[in-house]
Amino acid sequence: MEDNDEVFPQASIDAILEKIKSGALSYSSLQEYVIHLMKALDKNGDEVISFDEFRDGLKAMKIFLSEHEVNTLLRVFDHNGDGKISMEEFYNTLSSATAE
């Protein structure tokens, strides 16, 4: 599936990344926050976040997206293309998200 900027523009992706990242303000570091998020989102304990876990976690964070938008956002986090998000991928994506 190709990304379509008219359906889900980069500005929307950046805004969602910032919303996710904003939760780190109540933690001593971004790393501590990512560890907390991984534990909360990884429901089956396999140390990666699947599509379903990611979608459900976004909903729990009050971020409501279409299936296409979740797929697009998953690909932003999924650097190695395996369809899952590792802790390293999660941290690297949030750490590279720029504050506006």
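## A guided tour: charges, a core and a buried glutamate

The structure holds 3 salt bridges. Keep in mind as you click around that this is a predicted model.

**Stop 1: Arg 55 and its partners**

Select Arg 55 and Asp 52 to begin. Their side chains meet in a salt bridge, with N to O at 3.1 Å. Both residues lie in helix 3, 3 residues apart, which is about one turn of the helix.

Next, bring in Glu 67. Its salt bridge with Arg 55 has its closest N and O atoms 3.9 Å apart. Glu 67 lies in helix 4 and Arg 55 in helix 3, so this pair ties together parts that are 12 residues apart in sequence. Show all four residues at once: salt bridges that share partners join Asp 52, Arg 55, Asp 56 and Glu 67 into one network.

Is Arg 55 buried or exposed? Arg 55 is buried, because its relative accessible area is 17%, under the 20% cut-off.

**Stop 2**

In soluble globular proteins, nonpolar side chains tend to be buried together. To see this model's largest nonpolar core, which has 25 residues, select Ile 20, Phe 54, Leu 58, Leu 73, Phe 77, Phe 90 and Leu 94, the members with the most contacts inside it. Colour the helices too: helix 1 (10–22), helix 2 (30–41), helix 3 (51–60), helix 4 (67–77) and helix 5 each supply at least two residues of this core. Which helix gives the most to this core? Helix 2 does, with 6 residues.

Zoom in on Leu 94. Leaving aside neighbours within four places in sequence, Leu 94 is in contact with Leu 17, Ile 20, Lys 21, Leu 30, Tyr 33, Val 34 and Phe 77.

**Stop 3: Glu 89**

For the last stop, select Glu 89 in helix 5, which spans residues 87–96. Glu 89 is buried yet has no salt bridge, and the nearest side chain of opposite charge, Lys 84, is 10 Å away.

What does the side chain of Glu 89 reach? One backbone nitrogen is that of Asn 80, at 3.0 Å, and another belongs to Ser 86, at 2.8 Å. Not counting residues up to four places away in sequence, Glu 89 touches Phe 77, Asp 78, His 79, Asn 80 and Lys 84.

How values were computed
Residues are numbered from 1 along each chain as its sequence is written. This is a predicted model: local features need pLDDT of at least 70, side-chain atom pairs count only at pLDDT 80 or more; totals for chains, interfaces and linings use all residues. Side-chain values use heavy atoms; hydrogens and water are left out. Helices (H or I, at least four residues) and strands (E, at least two) are DSSP runs, numbered from the N terminus. Buried means under 20% relative accessible area, exposed over 50%, partly exposed in between (1.4 Å probe, protein chains only). Lys and Arg count as positive and Asp and Glu as negative; His and the chain ends are not counted. A polar contact is a pair of N or O atoms within 3.5 Å; within protein, one must be able to donate a hydrogen and the other to accept it, and residues adjacent in sequence count only if both atoms are side-chain atoms. Contact means heavy atoms within 4.5 Å. A nonpolar core is a set of buried Ala, Val, Leu, Ile, Met, Phe, Trp, Tyr and Cys residues joined through side-chain atoms within 4.5 Å.
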